[in-house]
Each structure stands twice: as C-alpha cells, then as structure tokens.
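Morning, everyone. One structure today, and I'll keep it short. Have a look first.

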Amino acid sequence: MRIRSVKAVYPNYGNVISSWRTHLWQIVVEIRTDTGVAGYGYGGGGLASLPIVNGHFNELLVGKRLDSPDDIAKIWDHLYYESIPYGRKGIAMMALSGVDLALWDALGKAERRPVADLIGGVKKEQIDVYATGPDSEWYAELGVAGQKLTHRWAGTTDDAVESAQNARLVMGPDAKIMFDVYMSWDAEVAVRMATDLADFNIYWFEDVLTPDDLVNLSYLRPKVSPINLAGGEHEFGVAGFKEIAEHAAYDIWQPDITWCGGITAGMKICELARRHEIPVVPHRGGEVWGLHLIAANDACDNLAELVLGHRNAAIDNLWIGNPWIESGKLSVSNKPGFGVKLNEQML
Ligand SMILES: [Mg+2]
C-alpha cells in the first residue's frame with residue numbers, strides 16, 4: 001500500500017497537569033493509505049509539532065510505500081535526516097514518534113497483526129505494573145507490583161521519608177517503591193536521601209539530575225547504590241542513548257516511546273541496552289505504545305508504568321481500549337495494530 005495522507009491534530013484535553021504539558025502535550029497522528037487502511041499514532045510537542053507533521057513530514061510521506069517493517073525503517077531514516085537542521089531531539093523527534101507509531105499501527109492493521117507480533121512476537125503475556133502517584137491504598141487494591149512517588153526538594157528529607165514509610169506499609173514488603181524527583185535534587189541531596197531512606201528498600205531514584213549532567217550521574221551511581229539511578233524520558237533517539245551508555249549514567253533506561261522516536265527508535269535503544277546489559281523500563285510503558293515493545297522485547301524488564309494519580313482523579317479518555325489492570329498485570333490484546341481506537345469526541 002502507499003501513504004495517501006498524513007494529519008496531526010492536538011486534542012482538546014481537559015485534565016493535563018499544569019506545566020509545559022499545558023502547552024505542548026500529546027498529538028494524534030493519522031496516516032491514511034490507498035487501500036483504505038488508516039493508522040493512528042501518539043506523539044509529543046503539542047501545537048508546535050503540528051507544522052512539522054502537517055507541513056514538512058506530510059510532503060515527504062505522501063506516496064511512500066508501506067508494506068513492511070523495512071519500509072518503516074526507511075521512512076524513519078528519511079524523516080530523521082531531512083529534519084536534522086531543526087530536529088534530532090525535542091519537538092521534532094516527538095513529532096516523528098507520532099508518525100512512526102501511526103505507521104506501525106497502519107502496517108499492523110493491514111496485516112491483521114498486533115504491533116508486538118510485527119516486532120518479534122509477544123514474549124511477556126502478563127506484564128507487571130507499577131503505578132505513579134500518591135494513592136497507595138488504591139494501588140494495593142489493584143495488586144500492582146510497585147508505586148512511584150513524586151518528590152520535589154524543599155530543603156528536607158522528612159517528607160520523602162514519610163511518604164516512603166507509608167508506601168512501604170501499605171504496598172507491602174515485596175513492592176517496588178521508587179522516587180521520581182524531576183531534576184529537583186542535586187548529587188548531595190541524592191546521597192542524603194539514600195542514607196535517610198535506607199530502611200525502605202527503594203528500587204530507584206528517577207531524574208535526579210538533568211539529562212545534560214551525565215558525568216555527574218555516573219559519579220553518583222555508586223554513591224547511592226544499591227538504589228538504582230533511572231532516567232531517559234528526556235532523551236531522544238539511539239544517538240542520545242549512546243551518550244548515556246558511554247557515560248554509564250543510569251542503571252535503568254526509560255525512553256518514552258511517544259517522544260524518543262517511536263517503536264523504531266525504541267527497538268534500537270533496546271538493542272543498545274542489551275549490549276550494555278542495562279534493563280529498559282519505558283516511561284509510561286503501560287500505555288499501548290510502550291506496552292507492545294515491553295511485551296515483545298526482552299531488553300525490557302517485565303515492568304510497565306501507569307500514571308494513575310488518585311482513584312477519583314478526572315482523566316481524559318483519548319484512546320479507547322487501552323488495556324486495564326487485571327490481577328495487578330497488563331497484557332497486549334491480539335487486535336491488529338496497537339489495538340486502540342481514537343475517541344473522536346476529544347478532537
Ligand atoms: Mg519521570
């Protein structure tokens with residue numbers, strides 16, 4: 001089949017966390033083909049990524065052949081090279097991610113196979129989940145494997161100790177408990193935290209320093225061990241992860257499949273991770289885009305993130321049919337493509 005049209009839209013979100021996300025949250029990419037098959041992808045960059053997809057990428061994509069994973073790899077390389085002057089990282093790569101995922105969805109639908117099947121087949125039928133947010137009671141009821149707490153440094157370790165204590169108590173002795181600190185700590189704080197949280201068997205500290213501070217991350221790793229350093233949601237493409245690998249900056253890599261360059265970049269990052277014996281735990285990996293990669297790729301740990309927040313929090317249901325937790329676990333469906341439908345009422 002050949003690509004007939006490419007269109008990116010920015011949905012009407014009602015419940016985006018107030019931050020950069022208010023302006024630059026996720027886009028939807030639709031790719032239509034001459035056989036009537038349409039694929040949908042999820043990318044980043046908000047309104048700023050629309051002219052990239054609807055202008056430049058559209059011009060490069062219309063008429064291109066789409067019959068195999070190899071065709072997708074060629075298209076990815078083409079878009080990447082053509083966008084180098086303004087791309088490589090950030091919004092252009094977030095836009096390319098949406099296109100890549102729409103291509104995989106379209107190919108899966110054309111062949112009536114799930115994306116996981118196209119990229120090596122399902123190797124994990126049941127995937128452990130960790131929940132991000134503060135609602136330990138709800139997460140324990142759901143039976144998930146872990147909880148990631150968010151923390152912002154405000155001059156004391158007391159609040160972190162208190163939330164770790166509560167999470168450990170409610171989630172039980174075997175749960176994975178993590179901290180995402182969103183670049184609000186420094187190396188000294190991280191070492192203090194490792195000491196003060198030593199009783200709670202913390203699995204990882206995430207985003208301790210900025211992604212530009214790889215040298216200091218590599219110094220910090222042994223100092224907070226056995227707590228792992230995790231990161232990578234703000235890195236892009238296999239080139240970015242090569243730098244992380246060269247610096248030995250993280251114990252666990254967390255590419256976001258809707259930002260880092262899609263499934264195509266995700267597979268290359270996994271290959272690199274395998275060579276360096278680093279486990280991959282994709283950012284927001286419990287959403288279908290990352291979940292298919294986790295299910296199919298053994299460089300990924302058996303662990304998928306769902307950002308759940310509070311039990312009663314209002315949410316935007318943009319993708320209908322995203323798998324939900326059963327007995328604490330997620331599975332990819334055997335529906336074609338990514339197996340989700342766009343909620344057009346949000347457009
Ligand atoms: Mg994070």
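The axes of helix α2 (residues 46-61) and helix α3 (residues 69-82) come within 11 Å and cross at roughly 135°. Axes here are lines fitted to C-alpha atoms, for helices over the stretch in contact, with angles from 0 to 180 degrees between N-to-C directions. Helices are DSSP runs of H or I, at least four residues; strands are runs of E, at least two; numbering starts from the N terminus.

That angle makes α2 oblique to α3; under 35 degrees is roughly parallel, over 145 roughly antiparallel, 65 to 115 roughly perpendicular, and the rest oblique.

Who makes the contact? From α2, Phe57, Leu60 and Leu61; from α3, Ile75, His78, Leu79 and Glu82. Contact means C-beta atoms, placed from the backbone, within 7 Å.

A word on the source. This is a predicted model: local features need pLDDT of at least 70, side-chain atom pairs count only at pLDDT 80 or more, and totals for chains, interfaces and linings use all residues. Residues are numbered from 1 along each chain as its sequence is written.

Now zoom out. The protein has 12 helices and 13 strands. Its radius of gyration, over C-alpha atoms, is 20 Å. The globule rule, 2.2 Å times the number of residues to the power 0.38, gives 20 Å for 347 residues, so the protein is as compact as a globular protein of that length. The C-alpha trace spans about 60 × 40 × 35 Å along its principal axes.

Last item: contacts. Of those with a separation of 6 or more, 69% join residues 24 or more positions apart.

Definitions and conventions. Two residues are in contact if their C-beta atoms, placed from the backbone, lie within 7 Å.
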